Amino acid sequence: MLERQIDFAKYSSIKLGTKLNIKIAQDIDEALNLATNHYLIGKVNNIILHSDGIRIFQLGSEFDYIKDLGDLVEIGARSVSKKVFLYFKKNNLGGVEFLGSLPGTMGGIAKMNAGMKEYEIKNIIHSICINGEWQNNEKINFQYRNSNINGVISALRLKKIDGFDSNLENLFKAMRLNQPKEPSCGSCFKNPPNIPAGKLLDLAGLKGHRIGNMAFSQKHANFLINLGSGKSKDAIDLINMAKSTILKSHNIMLECEVVII
Ligand SMILES: Cc1cc2nc3c(=O)[nH]c(=O)nc-3n(C[C@H](O)[C@H](O)[C@H](O)COP(=O)(O)OP(=O)(O)OC[C@H]3O[C@@H](n4cnc5c(N)ncnc54)[C@H](O)[C@@H]3O)c2cc1C
């Protein structure tokens, strides 16, 4: 079994955590075996590592591929969004234009039902291989920035829709220009039904609020950013403080989009 050391303070998008030895699954049997007592990560664009006692694994390069199946495109779960975006663009296929502006592996993206605006990965998924078995899209309960997928996603089959949309690509690129450049996980909280989480944080005076070197960005309050050598504990304290403040001020319980492990 392969192992590698990851320094989460460098590897994770929010630059938090410590050095850990993690296991690498080279085939589905290894992955299913590891999943019994290890936590599966993708590229750690949506995770805050808080516990250093956790056992972690990642899918190996065997899960990084793109295969044309005729009517569908099959993609290994370790493949990164940019690679899939470029493949679809090159082949003039639509539906994943947002993947050019959204970091992650296809496993993480499917699990999180990631997307931008009304464009979500569930719209283009035909089926997903979960714990070694293919399941059709209709059988999976995709929610806003989450899904009921429980276990190892090893591959996805995406629909082929004619026509890559460059206007959409540009729209998503433009959205990123207004967002903070400091290390983050993207949005920290999910948007409650009738009001964006960023607006709530702003109304509560939490825009720019800082504990240690972690802060809610001045540019966009729902981005929890690392100002340099921030600590996971400060991130968690800020999240908990924001939740209790918004509960008191608006009677709304904010739900994390970011996954804390
Ligand atoms: C700057 C920035 C902007 C972002 N903007 C957006 C945005 O606009 N919209 C959006 O939706 N997200 C956004 N995100 C969040 C992130 O891009 C997505 O959540 C993405 O899906 C994370 O993929 P990952 O591979 O890094 O997953 P990780 O962060 O490693 O893991 C996320 C979750 O997926 C699970 N997981 C990972 N791989 C697998 C697998 N193979 N099988 C089963 N479960 C798995 C993990 O256990 C974990 O629960 C942003 C992040 C950043 C840093």
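A residue is called buried if 20 or more other C-beta atoms lie within 10 Å of its own, exposed if 12 or fewer do, and partly exposed in between, with C-beta atoms placed from the backbone. Gln143 is exposed, because 12 other C-beta atoms lie within 10 Å. Ile47, by contrast, is buried, because 23 other C-beta atoms lie within 10 Å.

Good morning. Let me state the basis of this talk. The structure is a predicted model, in which local features need pLDDT of at least 70, side-chain atom pairs count only at pLDDT 80 or more, and totals for chains, interfaces and linings use all residues. Residues are numbered from 1 along each chain as its sequence is written.

I return to the two residues. Helices (H or I, at least four residues) and strands (E, at least two) are DSSP runs, numbered from the N terminus. Gln143 lies in strand β13, residues 142–143, and its C-alpha atom is 9.8 Å from that of Ala114, 29 residues away along the chain. Ile47 belongs to strand β4, residues 47–48. From Ile47 to Glu257 there are 210 residues in sequence, but 9.3 Å in space, C-alpha to C-alpha.

Next, the overall division. The chain has domain 1 (2–62), domain 2 (64–170) and domain 3 (180–260); these bounds come from an automatic or database domain assignment. Between the C-alpha centres of domain 2 and domain 3 the distance is 28 Å.

I turn to the sheets. Strands of a sheet pair through backbone hydrogen bonds, either parallel or antiparallel. Here, two strands pair if DSSP finds at least two bridges between them. β11 and β12 pair over 4 bridges, with Ile128 opposite Gln135 in β12. The hairpin of these two strands has 2 residues between them, and Asn131 takes a positive phi near 50° there.

A second open sheet has 3 strands in the order β17-β18-β19, again with antiparallel pairing. At its edges are β17 (210–211) and β19 (224–226). β17 and β18 (residues 214–216) share 2 bridges, and Arg210 stands opposite Ala215 in β18.

What does the largest nonpolar core contain? A nonpolar core is a set of buried Ala, Val, Leu, Ile, Met, Phe, Trp, Tyr and Cys residues joined through C-beta atoms within 7 Å. The largest one has 33 residues, and Ala110 and Leu156 have the most contacts inside it. Among the elements that each supply at least two residues of this core are β7, α4 and β15. Domain 1 and domain 2 each contribute at least three residues to the core.

Finally, the ligand. Which element gives the most to the shell around the ligand? That is α4, with 4 residues. β3 (39–41), α4 (106–111) and β9 (115–116) each supply at least two residues of the shell. A residue counts as near a molecule if its C-beta atom, placed from the backbone, lies within 6 Å of it. Of the 30 residues around the ligand, Gly42, Gly104, Gly107, Gly108 and Gly186 come nearest. By class, the shell has 16 nonpolar, 11 polar and 3 charged residues. In this count, Ala, Val, Leu, Ile, Met, Phe, Trp, Tyr, Cys and Pro are nonpolar, Asp, Glu, Lys and Arg are charged, and the others, Gly among them, are polar.
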